[in-house]
Amino acid sequence: MDTYFKALKQILEGKDDITFFSGAGLSTSAGLPDFRSDENGFWKSNSPVHFSDFLSSKAFRQKSWQNNIAIHKKIKNTKPTKMHNLVNKVLKRRSNNFHITQNIDGLHRSKDNENNIIELHGSIFKAQCLECNAEYETLDYFKKLNTGEDFICSSCQKGFIKVSTISFGQALAPESLEKAENASMTCKFFIVLGSSLKVSPANNFLRIAKNNGAKIIILNKDLTPMDDYADIVINDCLENIYEEIK
Ligand SMILES: [Zn+2]
């Protein structure tokens, strides 16, 4: 076995705190479309709604909900990959292991890892009132598209209900950011899974981890601008890497 794979396997099976950071590469290997390299045109036909448009017009709110339905349909038959399962096994072992993810598809979830998952960009399975933060199940709101009703919170009667994924133009939730910062600060190993690390805050968490003494491991198909920070870089798709370390 290649030395890098051997080291990685030892880390994953070891007793030190690990924080994973995953991007689209973890989900594309499960067959989901990536926004940046959308070969099948999924995102073209379901173009994202800017946050300011969501606030200003009912038609855009309907479009946003329509997109959510399309994503639900798209992922219906998608299953977590072996790498998702491996990460969950590592999370289950220690309460101080965390998984920060930019993915909204919920493939990373399992029933025992809720407290160790930080969904930076939210989730397609939840909806929230933008005024009073009341939480709703997205499925209950799909029928409003047929009735033509607007998406108004039944609790405060004034806020709009939006799928809890972060839209373009919308700020990330401060509590997720704080949790992700803490998980980056305290870990001994910071492992990137399938992220190009080109945008903030993705690369900030890596810097925070590095500045606090963590070893950095980057597993990504392509080179990233943060590779110089890393102790181990493996450029391959995650399925292939999994086969080497399973
Ligand atoms: Zn409300």
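## Two residues with positive phi

Asn133 lies in the loop that connects β4 and β5; helices (H or I, at least four residues) and strands (E, at least two) are DSSP runs, numbered from the N terminus. The phi angle of Asn133 is near 65 degrees, a positive value in a residue other than glycine. Asn133 counts as partly exposed because it has 13 C-beta neighbours inside 10 Å. The burial classes rest on C-beta atoms placed from the backbone: a residue is buried if 20 or more other C-beta atoms lie within 10 Å of its own, exposed if 12 or fewer, and partly exposed in between.

Leu197 also has a positive phi, of about 55 degrees, although it is not a glycine. Its place is in the loop between β7 and α10. Leu197 is buried, because 22 other C-beta atoms lie within 10 Å.

## Basis of the model

This is a predicted model, in which local features need pLDDT of at least 70 and side-chain atom pairs count only at pLDDT 80 or more, while totals for chains, interfaces and linings use all residues. Residues are numbered from 1 along each chain as its sequence is written.

## Overall dimensions

The protein contains 11 helices and 9 strands. Along the principal axes, its C-alpha atoms fill a box of roughly 60 × 35 × 30 Å.

Of the 246 residues, 33% are buried. Among contacts with a separation of 6 or more, 65% are between residues 24 or more positions apart. Two residues are in contact if their C-beta atoms, placed from the backbone, lie within 7 Å.

## Domains

The protein is divided into domain 1 (17-32 + 81-121 + 173-246) and domain 2 (40-77 + 124-165), with bounds that come from an automatic or database domain assignment. The C-alpha centres of domain 1 and domain 2 are 27 Å apart.

Contact between the two involves 5 residues of domain 1 and 4 residues of domain 2. On the side of domain 1 that touches domain 2, the residues divide into 2 nonpolar, 2 polar and 1 charged. Here Ala, Val, Leu, Ile, Met, Phe, Trp, Tyr, Cys and Pro count as nonpolar, Asp, Glu, Lys and Arg as charged, and the others, Gly among them, as polar.

## The β5-β4-β6 sheet

An open sheet of 3 strands has the order β5-β4-β6, with antiparallel pairing; two strands pair if DSSP finds at least two bridges between them. The edges are held by β5 (135-137) and β6 (161-163), each with a single partner strand, so one side of each has no neighbour in the sheet. Direction ignored, neighbouring strands of this sheet are turned by 35 degrees against each other on average; the axes are lines fitted to C-alpha atoms, for helices over the stretch in contact, and angles run from 0 to 180 degrees between N-to-C directions.

Strand β4 (residues 126-129) is joined to β6 by 3 bridges, and the two run antiparallel. Ala127 stands opposite Val163 in β6.

## Parallel pairs around β2

Strand β1 (residues 18-22) runs parallel to β2 and is linked to it by 4 bridges. Phe20 stands opposite His99 in β2. A further 3 bridges join β2 to strand β3 (residues 117-119), again in parallel, and Glu119 in β3 is the bridge partner of Thr101.

In a regular strand the side chains alternate between the two faces of the sheet. In β2 (residues 98-101), Phe98 and Ile100 point one way and His99 and Thr101 the other way, and all are buried.

## The β7-β8 pair and Lys215

Strand β7 (residues 189-193) is parallel to β8, with 5 bridges between them. Ile191 stands opposite Ile217 in β8. Strand β8 (residues 215-219) is mostly covered, with 4 of its 5 residues buried.

Lys215 belongs to β8 and counts as partly exposed because it has 18 C-beta neighbours inside 10 Å. Leaving aside residues up to four places away in sequence, Lys215 touches Lys188, Phe189 and Asp231. Lys188 is 27 residues from Lys215 along the chain, and their C-alpha atoms are separated by 6.3 Å.

## A cis peptide bond

The peptide bond joining Ser200 and Pro201 is cis, with omega about 10 degrees. Pro201 is in the loop between β7 and α10 (202-211), where Leu197 is also placed.
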